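Please keep the sequence and the coordinates open while reading.

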Amino acid sequence: MDPTLFIWLLIPAVLIISFIIINNGIIRRKNMVVRAWSDVITYERQKNKTLPELERVASQYQEHEAKLLEEITALRSTLARANTSDVDTSQLAQIEARTQSMLGSFNIAMEAYPNLEMAGVTKGLMKEISELQDNISAAISIFNGNVEAFNSGIQVFPNSFVNGMGGKQTPYKPFTNAEAVETIGFTLEQE
């Protein structure tokens, strides 16, 4: 076989194989983002197993703490609308803001009613919600890491070239906590 012909056949084969490998890498990283997002929403929805009991306990103080019940109900409905297949960080921001608001209201109720704070059920529920929040924080960190890997994977050359020719994936927006950004006073995202 003529070496020139071999080279002319080898170059397209290498290009095609490279295209396939890069495209598969993009798809793999996208699937990791979607899976991580699903994990975040799953942890968020686990709150719905705890919130009805917390709602029951708070309803004992309904006359005094109507706002707390409203916040628990609003959080539950927001969690029910969370979509595991649509990566929407603004939806997650709304869930986290409602959770923080509900926790703040519950802490105020516990201060106003010491016997509520002493109830074993209440302490257990608050501990469970706190643990869920820790799990959610960890899941969000994993999600953001996967988003970073995916975004880099479609933006660097030659991946950007392959992505432009193939799947034309768009970058995902990482989750940022607006409250934390306000606390530290700056953000690294470009507007």
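**Burial, helices and pairs**

Of the protein's 191 residues, 34% count as buried, where buried means under 20% relative accessible area, exposed over 50%, and partly exposed in between (1.4 Å probe, protein chains only). This is a predicted model, in which local features need pLDDT of at least 70, side-chain atom pairs count only at pLDDT 80 or more, and totals for chains, interfaces and linings use all residues. Residues are numbered from 1 along each chain as its sequence is written, and side-chain values use heavy atoms, with hydrogens and water left out.

Q: What pattern does the protein follow when read along the sequence?
A: Helices (H or I, at least four residues) and strands (E, at least two) are DSSP runs, numbered from the N terminus. The protein has seven helices and zero strands. Read along the sequence, the pattern is α-α-α-α-α-α-α.

Q: Among contacts between residues at least 6 apart in sequence, what percentage join residues at least 24 apart?
A: A contact here means heavy atoms within 4.5 Å. Among the contacts between residues at least 6 apart in sequence, the share that joins residues at least 24 apart is 74%.

Q: Is T99 buried or exposed?
A: T99 is found in helix α3 (residues 89-112). Leaving aside neighbours within four places in sequence, T99 is in contact with E44, K47, L75 and Q133. Because its relative accessibility is 0%, T99 counts as buried.

Q: How far apart in space are Q100 and L75, C-alpha to C-alpha?
A: Q100 is also found in helix α3. With a relative accessible area of 38%, Q100 is partly exposed. Q100 and L75 are 25 residues apart in sequence, and their C-alpha to C-alpha distance is 10.0 Å.

Q: How many residues apart in sequence are the parts tied together by W37 and F143?
A: Rings of Phe, Tyr and Trp (its six-membered ring) pair if their centres lie within 6.5 Å; planes under 30 degrees apart count as stacked, over 60 as edge-to-face and the rest as tilted. By this rule there are two aromatic pairs. W37 and F143 form a tilted one, 5.2 Å centre to centre with 55° between the planes. W37 lies in helix α1 and F143 in helix α5, so the pair ties together parts whose separation in sequence is 106 residues.

Q: What is the relative accessible area of W37, and what is that of F143?
A: W37 is buried, with a value of 0%. F143 is buried as well, and its relative accessible area is 0%.

Q: Where does Y172, the partner of F150, lie?
A: F150 and Y172 form a tilted aromatic pair, 5.2 Å centre to centre with 50° between the planes. F150 is buried at 0% relative accessible area, and Y172 counts as buried at 18% relative accessibility. F150 lies in helix α5, and Y172 lies in the loop between α6 (159-165) and α7 (178-184).

Q: Which residues form the salt bridge?
A: A salt bridge is a side-chain nitrogen of Lys or Arg within 4 Å of a carboxyl oxygen of Asp or Glu, and by this rule the count is one. Its two residues are four apart in helix α5 (residues 120-155), which means about one helical turn separates them. One, E131, is partly exposed at 41% relative accessibility, whereas K127 is exposed at 54%. The side chains that meet, at 4.0 Å from N to O, are those of E131 and K127.
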